[in-house]
Amino acid sequence: MTKKPTTFALRGAVCFSTDSSHLTCLEDAYLVCQNGLTIGVYPQLPEQFHDIPCEDFNNCLIVPGMNDLHLHAPQYAFHGMYMDLELLDWLNTYTFPTESRFADLDYARRTYKRLASDLITNGTTRVSMFSSLHTEATWVLMEELEKAGVTGYVGKVNMDRNGSEELIETTEESVAETRLFIEENKDRKLIKPILTPRFTPSCTNELMEELGKIAAEYPDIPVQSHLSENTDEMKWVKELHPDCAQYWETYDKFGLWKDHTVMALSLIHI
C-alpha cells in the first residue's frame with residue numbers, strides 16, 4: 001500500500017539562507033513541507049496549499065535545524081566538565097575510562113537516550129558523531145538518535161593502540177567489527193555509518209591500511225577523525241609518521257583523505 005504524501009505548513013517569522021552570503025528573513029510567512037522536505041517559503045500561502053494542515057506559531061522564529069559536525073557521544077556523560085588538562089592527559093584521565101563503560105549496553109542506552117533527547121530539544125537535527133569502539137553500543141546510539149528524529153552519521157571508533165587496558169581492540173577485531181557495522185547499517189535511512197579512526201596515534205599502520213581498503217570498497221561512506229588539535233599530539237604524530245610533512249598526509253597515504261572526509265580542528269603544519 002502506497003503512503004499518501006504528508007504535506008503541511010508552518011506559519012511564523014521564517015529565517016533561512018541558501019548560501020553563505022545571503023540571509024532571508026520574512027516576518028510573516030508560510031513554510032510548506034512535503035514528505036519530509038521543505039518545498040517552499042511564501043509570504044502568502046499559495047492556493048494549491050489552502051487545504052493542507054497549517055500550524056500558526058504567531059511571531060515565533062522558524063529556522064532550519066542546526067548541524068553539529070563533530071560530537072563524541074560517550075563524552076556526553078561528562079559534558080561541561082574536566083577542562084583542567086591538555087588533550088593527551090585528558091584522554092587518559094577522563095575520556096578513556098568513561099568510554100570503557102559503554103561496554104555495558106544498559107548504561108549506553110540510558111546515556112544515549114538522554115543525549116538524543118537533548119539534541120533534538122535544543123534544535124540540533126543533524127550530526128556527525130563518534131561513538132566508542134563498542135559495536136553494539138554504537139547500534140544503540142543510532143537507534144536512539146533515529147527515535148528522537150536526529151539524522152546524520154555515526155561511527156564505530158577504531159583504536160588498536162595507545163588506548164587503555166579497558167579500551168583497546170586488536171587490529172583484527174577492529175577491522176572485522178567495522179565491516180560488520182557498515183554492512184549492517186549502510187541501508188539505514190536516517191542515521192548512516194561513517195568510518196571513524198579515532199586519530200592517527202590510536203591506529204596502527206596495519207589498521208589504517210585496512211580502513212583505507214574499506215573506504216575504497218564503500219566509496220559513498222564518509223570518513224571522520226581528528227587533525228592537529230594539540231602541539232604535543234602533533235609532535236607525536238610526526239614521530240609516528242616521519243615520512244609525512246603534514247598531519248593530514250597520515251590519513252591520505254592510506255586512502256582516508258577523501259572529498260567527504262570530516263576533520264575536527266585543523267592547523268597547517270605538524
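Analyst: Cys203 counts as buried, at 0% relative accessibility; buried means under 20% relative accessible area, exposed over 50% and partly exposed in between, with a 1.4 Å probe and protein chains only. The model is predicted, so local features need pLDDT of at least 70 and side-chain atom pairs count only at pLDDT 80 or more, while totals for chains, interfaces and linings use all residues. Residues are numbered from 1 along each chain as its sequence is written, and side-chain values use heavy atoms, with hydrogens and water left out.

The sulfur of Cys203 lies 14 Å from the closest cysteine sulfur, that of Cys244, which is too far for a bond. A disulfide is taken as a pair of cysteine sulfur atoms within 2.5 Å, and the structure holds zero disulfides. Cys33 is likewise in no disulfide; the nearest cysteine sulfur to it belongs to Cys54, 11 Å away. Cys33 is buried, with a relative accessible area of 10%.

Thr200 sits in the loop between strand E10 (196-197) and helix H5 (205-217). Here helices (H or I, at least four residues) and strands (E, at least two) are DSSP runs, numbered from the N terminus. Thr200 is buried at a relative accessible area of 0%. Not counting residues up to four places away in sequence, Thr200 touches Arg161, Met208, Val237, His241, Tyr247, Thr250 and Tyr251, where contact means heavy atoms within 4.5 Å.

Next comes the nonpolar interior. In soluble globular proteins, nonpolar side chains tend to be buried together. A nonpolar core is a set of buried Ala, Val, Leu, Ile, Met, Phe, Trp, Tyr and Cys residues joined through side-chain atoms within 4.5 Å. The largest such core has 53 residues, and Met129 and Leu145 have the most contacts inside it. Two or more residues of this core come from each of helix H1 (87-100), helix H2 (105-121), strand E6 (124-130), helix H3 (135-148), helix H4 (171-185), H5 and helix H6 (231-240). H2 gives the most, with six residues. Leaving aside neighbours within four places in sequence, Leu145 is in contact with Ala116, Leu119, Val127, Met129, Val150, Val154 and Ile191.
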